[in-house]
Amino acid sequence: MDDLQYYLERAGQPDWGLAVDDDFPTVNGEKGLVHFSISAPKAEHVESVNSYGSKQRLVHDYCESTINGENMVIGRTEKVINPVLHRFTGEERLFKNDQDEKYIREILADIDGHCLGINHFDEMSGKTSVKVFKAESDAQNITLTFDIRTPVTLDTNDVVEKLIAYGKKTGLEVKIVKVSKGYYQKPENEIVSMLTELYNTEFNANEKPYVMGACTYARLFDNGCGFGGGNPHEVKPFPKGHGAAHGADEAHNIYVLFDAIKMLILGIKAIDDKWS
């Protein structure tokens with residue numbers, strides 16, 4: 001999204017921005033995002049622990065470790081959704097200090113962020129989520145990187161403050177890697193409601209605006225929303241695990257693309273007519 005940020009800083013904000021990186025009908029909000037890392041000394045018997053995978057996936061596909069001279073690779077399967085989590089929640093101790101091990105296991109088990117003091121819920125966007133997605137090691141330490149998605153009513157600045165305070169309290173090395181504020185438009189907003197009604201009329205549907213956890217450039221607009229171009233009910237003619245968003249073989253059925261072009265033309269015209 002750096003390219004659009006660059007553009008907006010120079011060209012200025014639009015009266016209304018449309019992000020076409022979602023599913024129809026309209027996305028009226030996105031959760032905030034915070035990435036942070038925790039580092040702690042590794043146990044003496046641990047030589048290395050590192051994860052790797054596709055750039056299109058947030059959570060790495062493999063976690064490789066060498067412990068007591070024995071190499072092990074844990075990969076993503078139907079039973080192992082998160083190889084990094086699987087490696088660090090096993091029976092074997094991986095950190096040098098028992099207290100570090102205890103704190104890190106608590107974070108790994110707490111998917112709502114209670115132990116970090118960032119658990120929150122709102123009706124519009126649901127609850128806080130926390131998951132580990134990357135592991136790295138060097139000669140002394142293991143570093144785990146976590147992804148946090150925050151409800152739209154939880155300030156990401158407050159989350160950052162609480163993470164830093166948690167590091168000071170526990171003695172763990174906590175670093176803030178990335179912060180991206182979410183956004184929210186009420187479903188009753190004149191543009192959001194108009195675009196939703198337009199989609200429902202064209203396709204004889206009864207869809208409603210929704211808030212999602214993923215990030216698009218809609219969050220860079222002072223005023224805007226997501227509008228297509230995917231079909232949430234699309235059935236793709238691919239084997240399981242293929243054709244999905246962000247993958248090397250991401251694809252849509254041709255009729256979905258035609259529908260998206262049609263709706264974007266109608267949507268832009270409707271906004272222009274309303275403001276003309």
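Buried here means under 20% relative accessible area, exposed means over 50%, and partly exposed is in between (1.4 Å probe, protein chains only). With that in hand, let's look at helix H5, where Ile 191, Val 192, Met 194, Leu 195, Thr 196, Leu 198, Tyr 199 and Asn 200 are buried. Helices (H or I, at least four residues) and strands (E, at least two) are DSSP runs, numbered from the N terminus.

This is a predicted model: local features need pLDDT of at least 70, side-chain atom pairs count only at pLDDT 80 or more, and totals for chains, interfaces and linings use all residues. Residues are numbered from 1 along each chain as its sequence is written, and side-chain values use heavy atoms, with hydrogens and water left out.

**The chain as a whole**

- The protein chain has six helices and 16 strands.
- Its C-alpha trace spans about 70 × 40 × 35 Å along the principal axes.
- Out of 276 residues in the protein chain, 43% count as buried.
- Contact means heavy atoms within 4.5 Å. Taking the contacts in the protein chain with a separation of 6 or more, 67% are between residues 24 or more positions apart.

**Helix H5 and its partner H6**

- Two packed helices are described by the angle between their axes and the distance between the axes.
- H5 (residues 190–203) packs against helix H6 (residues 254–275) at an angle of about 135 degrees, and their axes are 10 Å apart. Axes are lines fitted to C-alpha atoms, for helices over the stretch in contact, and angles run from 0 to 180 degrees between N-to-C directions.
- H5 and H6 are therefore oblique to each other. For the cut-offs, angles under 35 degrees count as roughly parallel, over 145 as roughly antiparallel, 65 to 115 as roughly perpendicular and the rest as oblique.
- On the H5 side, the contact is made by Glu 190, Ile 191, Met 194, Leu 195, Leu 198, Tyr 199, Glu 202 and Phe 203. On the H6 side, the residues include Asp 259, Met 263, Leu 266, Ala 270 and Trp 275.
- Sorted by class, the contact of H5 with H6 has 11 nonpolar, one polar and five charged residues. Ala, Val, Leu, Ile, Met, Phe, Trp, Tyr, Cys and Pro count as nonpolar, Asp, Glu, Lys and Arg as charged, and the others, Gly among them, as polar.
- H6 is also part of what covers the buried residues of H5, and so are strand E1 (17–19), strand E3 (27–30) and strand E15 (224–226).
- What span should the 14 residues of H5 have at 1.5 Å a residue? They should span 20 Å, and the end C-alpha atoms of H5 are 20 Å apart, which agrees. The expected span of a helix is 1.5 Å times one less than its number of residues.

**Helix H3**

- H3 (residues 98–109) has 12 residues and reaches 16 Å from its first C-alpha to its last, close to the 16 Å expected.
- Its buried residues are Asp 100, Glu 101, Tyr 103, Ile 104, Ile 107 and Leu 108.
- Among the elements covering those buried residues of H3 are strand E4 (32–41), helix H2 (83–88) and helix H4 (156–170).

- Thr 66 is found in strand E6 (residues 62–67). Thr 66 is buried, with a relative accessible area of 15%.
- Leaving aside neighbours within four places in sequence, Thr 66 is in contact with His 45, Val 46, Glu 47, Ser 48 and Asn 71.
- Ser 129 sits in strand E10 and counts as partly exposed at 29% relative accessibility.
- Beyond its neighbours within four places in sequence, Ser 129 is in contact with Ile 111, Asp 147, Ile 148 and Arg 149.

- Most residues other than glycine have a negative phi, and most peptide bonds are trans.
- Phe 24 and Pro 25 are joined by a cis peptide bond, with omega about 10 degrees. Pro 25 is found in the loop between strand E2 (22–23) and E3.
- The peptide bond from Gly 228 to Gly 229 is cis too, with omega near 5 degrees, and Gly 229 is found in strand E16 (residues 229–230).
- Asn 68 has a positive phi, near 55 degrees, and is found in the loop between E6 and strand E7 (70–75). At 58% relative accessibility, Asn 68 counts as exposed.
- Asn 204 has a positive phi as well, near 50 degrees, and lies in the loop between H5 and strand E14 (210–212). Asn 204 is exposed, with a relative accessible area of 74%.
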